[in-house]
Amino acid sequence: MITRTRLAAGACALLAALVGGMAFPAGASAGEPTGEDAPKVDLVLDVSGSMRTRDIDGGTRMAAAKQAFNEVLDATPEEVQLGIRTLGADYPGDDRKTGCKDTAQLYPVGPLDRTEAKTAVATLSPTGWTPIGPALLKAADDLDGGDGSKRIVLISDGEDTCAPLDPCEVAREIAAKGIGLTIDTLGLVPNTKMRQQLSCIAEATGGTYTSVEHTEELTDKVNQLVDRAADPVVTPVATEGADACAKAPTLKSGLYTDREEFGQQRWYRVDVAPGQELRASVSVGADRAVNPSYGVLLRAVTVHGREIVRGEAAGNGRTDVLSTGLRYPKAESDDDDDAAGEAVCLQVTNSFSVASGVKTTPGLPLELTVDVVDGPGDSDDVAAFGLGRGWWLLGLLVLVGFVAGLLWGWLSRWRFAIWRTN
């Protein structure tokens, strides 16, 4: 019995070593210098008295923010230098002049010590004012220096209480410095005035605004923004879609921004050669109060109007950004006349609407991503397997399972033979 157990254990250890050695090839270590400045993120959290309100998943807004921060700190990429700044965390009094200076660096921007950062967040308690403008100015200083990407993520549950220092004007001043700093804003259970102010701050620097009403939404969005800081910086190109396919501008692979009126159609053209695949996605943001129940439609059609494929998404008022996408692989062709490819028209339509009295101009901000890549002709292509780069690992595991099954069957037969002999 002991001999059989040792044999089985040895076989399993050998297989585990084989899988480990093949599945994880040597590569660059996490945090290894790349010769470029590290991306920097400053999380700016509102700790004013209103964060005591209990309207997020049965708990306070502060509790939701702390839980989200702890999960974000665990998931922050090693290469990102992250800091945390507070506003309204220290002064509980009524003196406006003092309250509007209440912003402090809770954790300095730099290499992340997760335990230390979590300990600092745990000490926070809703206290005072909401000096968003002064906090943004200080956060810009926190991120000063270096050529890597810089991002401020502002999380607030109310509008600024320290006017005339308008936070929207502060954001415009930061953008005018040309230091490549982006401000993203998240509004906790927002009202119309707060939504307008936070949208204006984000738009001034090319950032995004998102309304949040649940802890999970807050965690997911902050994680997404921190991860985005680690990605290569892509500068969107302003374009202007047409009202018909025949007049549409021809786009190459890249990121584009436009404006789309309520209920309007915007058209763009992309050239796709045989053997290539078109991948496109679109996001439309509601930068003002809109009626619930809306949708976004992205269609790929031929120049003759025949629909090839579509992507669509619907919303119910819980998010201010709605996104959808599509993929169109064009097959290889032996026809010389088709070698130049075809022009594919992309149509973007939205069904947002607003109540009377809300401005409909300018149109809603639109972000279009276009990517033309080699089609799924090879076995290592993502589209061919739907598993990304992990398809070979799955194949290896199947092979290992097959070998383990044979080995186990042989051991079982050997055990049976020994039993009959004895």
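**Helix α8 and the cores**

Tutor: α8 has 16 residues and spans 23 Å from first to last C-alpha, close to the 22 Å expected at 1.5 Å a residue (1.5 Å times one less than the number of residues). Helices are DSSP runs of H or I, at least four residues, and strands are runs of E, at least two, numbered from the N terminus. This is a predicted model: local features need pLDDT of at least 70, side-chain atom pairs pLDDT 80 or more, while totals for chains, interfaces and linings use all residues. Residues are numbered from 1 along each chain as its sequence is written, and side-chain values use heavy atoms, without hydrogens and water.

Student: Which residues of α8 are buried?
Tutor: They are T215, L218, T219, K221, V222, N223, L225, V226 and A229. Buried means under 20% relative accessible area, exposed over 50%, and partly exposed in between (1.4 Å probe, protein chains only).

Student: Which residues touch the most other members of the largest nonpolar core?
Tutor: Of its 32 residues, those are L43, L45, I155, L186, L218, V222 and V226. Such a core is a set of buried Ala, Val, Leu, Ile, Met, Phe, Trp, Tyr and Cys residues joined through side-chain atoms within 4.5 Å.

Student: Which element gives the largest share of this core?
Tutor: α2, with seven residues.

Student: And what is I155 in contact with, beyond its neighbours within four places in sequence?
Tutor: V44, L45, D46, F69, L186, L188, L218 and V222, where contact means heavy atoms within 4.5 Å.

Student: New topic: is F402 buried or exposed?
Tutor: F402 counts as exposed, because its relative accessibility is 53%. It lies in helix α10, residues 391-421.
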